Amino acid sequence: MTVPLEACTALPEQRFRITRADLVRYAGASGDRNPIHWSDRVARSVGLPGVIAHGMLTMALAARAVDTWAGGPGRIRELGCKFTKPVVVPDDGEGATLIVGGTVQEVTDDVVRITLDVRCAGEKVLGMPKAVLARG
Amino acid sequence: MAVDPSLAGRSFPPTPPYQVTRERIAEFAAATGSTYDGGPAPATFPIVVAFGAMTALMEDPSVGIELHHVVHGEQRFGYTRPVVAGDELTATLTVDTLRQLGGADIIGTRSEIVDAAGQPVCTAYATLVHKGEQP
């Protein structure tokens, strides 16, 4: 396992870009075709500043960061977060950038507990994101 | 329209079996910026199956949810094992909790995802926030 087995260790920050094209791809792959993720008109009609990313896409990218720290997929035993702030994705080819950081919180004989920090434009977008990884 | 108060504790029928193919996993992995190497599916892949169960809840006319007023508030997964290609998965959703907060219904759901043998794979907990009509 590549995650350092010591509590309080900060994990290397990872960055992910989300563009409108990514939202279309995620809508197709996940089956979540809610128009707030592709139509500015509908997004604004429900009080959003514009099209926002699927919360589950943001969570998927956070999970990817965890997999990278863990050295590959398949070790996550628990994963959870609240969706506290929308990730607005402008239609400008640049999109939005997510920054995922993490800290090892606890190491037991069986698992490693990690708290995450997921931000976009300087603001936390996930509430209490955390993951539990199997050791070994 | 408020959500039916007797919803708490109610279980819904299992979703139709979902065939997990290599193509499905590869498509999901690509959509989240990673590549599929033939091993475990990405950790959030089971949302595809849970989403079917959540949609059935939200579209059930007896429940009283208006789809356009629903926000995904929280998501948690507990895994017994990773999802792999060849799995046939079904999700059975139960409404664990229902409470009102500031004019919104906070619906706590749990979807038990099992394989073709009925063995547990993953439990997906979703909190749905149903905002009532503004006066």
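Of the 136 residues in chain A, 43% are buried, where buried means that 20 or more other C-beta atoms lie within 10 Å of the residue's own, with 12 or fewer making a residue exposed, anything in between partly exposed, and C-beta atoms placed from the backbone. Before going further, a word on what you're looking at: this is a predicted model, in which local features need pLDDT of at least 70, side-chain atom pairs count only at pLDDT 80 or more, and totals for chains, interfaces and linings use all residues. Residues are numbered from 1 along each chain as its sequence is written, while chains are lettered from A and ligands numbered from 1 in the order in which they are written.

Let's stay with chain A for a moment. It has three helices and six strands, counting DSSP runs numbered from the N terminus, with helices being H or I of at least four residues and strands E of at least two. Along the sequence the pattern reads β-α-α-α-β-β-β-β-β. The radius of gyration of chain A is 16 Å, close to the 14 Å that the globule rule gives for 136 residues, so chain A is as compact as a globular protein of that length. That radius is taken over C-alpha atoms, and the rule is 2.2 Å times the number of residues to the power 0.38. The C-alpha trace of chain A spans about 50 × 30 × 25 Å along its principal axes. Take the contacts in chain A between residues at least 6 apart in sequence: 63% of them join residues at least 24 apart, a contact being two residues whose C-beta atoms, placed from the backbone, lie within 7 Å.

Now for chain B. Its secondary structure comes to two helices and five strands, in the order β-α-α-β-β-β-β from the N terminus on. Here 39% of the 135 residues are buried, and the C-alpha trace covers about 50 × 30 × 20 Å along its principal axes. Among contacts in chain B between residues at least 6 apart in sequence, the share that joins residues at least 24 apart is 69%.

How do the strands of chain B go together? Strand β3 (residues 88-101) of chain B pairs with strand β4 (residues 104-114) in the antiparallel sense over eleven bridges; strands count as paired if DSSP finds at least two bridges between them. Val95(B) stands opposite Thr109(B) in β4(B). The two strands form a hairpin with two residues between them, and Gly102(B) in the turn has a positive phi of about 55°. β3(B) also pairs with β1(B), again antiparallel, over two bridges, with Gln19(B) opposite Glu88(B).

Strand pairing also crosses between the chains. Strand β2 (residues 76-83) of chain A and β2(B) run antiparallel and are joined by five bridges, and Glu78(A) has Gly78(B) as its bridge partner in β2(B). Within chain A, β2(A) pairs with strand β6 (residues 126-134) in the antiparallel sense over six bridges. There, Glu78(A) stands opposite Val132(A).

Step back to the whole interface: 24 residues of chain B are in contact with 25 residues of chain A. On the chain B side, the elements that give two or more residues are α1 (22-31), α2 (47-59) and β2 (70-79). β2(B) supplies the largest share, eight residues. By type, that side divides into twelve nonpolar, nine polar and three charged residues; Ala, Val, Leu, Ile, Met, Phe, Trp, Tyr, Cys and Pro count as nonpolar, Asp, Glu, Lys and Arg as charged, and the others, Gly among them, as polar.

And the inside? The largest nonpolar core has 77 residues, and those with the most contacts inside it are Ala62(A), Val66(A), Val87(A), Leu98(A), Ala50(B) and Ile113(B). Such a core is a set of buried Ala, Val, Leu, Ile, Met, Phe, Trp, Tyr and Cys residues joined through C-beta atoms within 7 Å. Helix α3 (residues 55-70) of chain A gives the largest share of this core, eleven residues. Leaving aside neighbours within four places in sequence, the contacts of Ile113(B) include Pro46(B), Val49(B), Ala50(B), Leu89(B) and Val121(B).

Finally, confidence. The mean pLDDT of chain B is 93, and 97% of its residues reach 70 or more, pLDDT being the predictor's confidence in each residue, from 0 to 100. For the complex, the predictor gives an ipTM of 0.94 and a pTM of 0.95.
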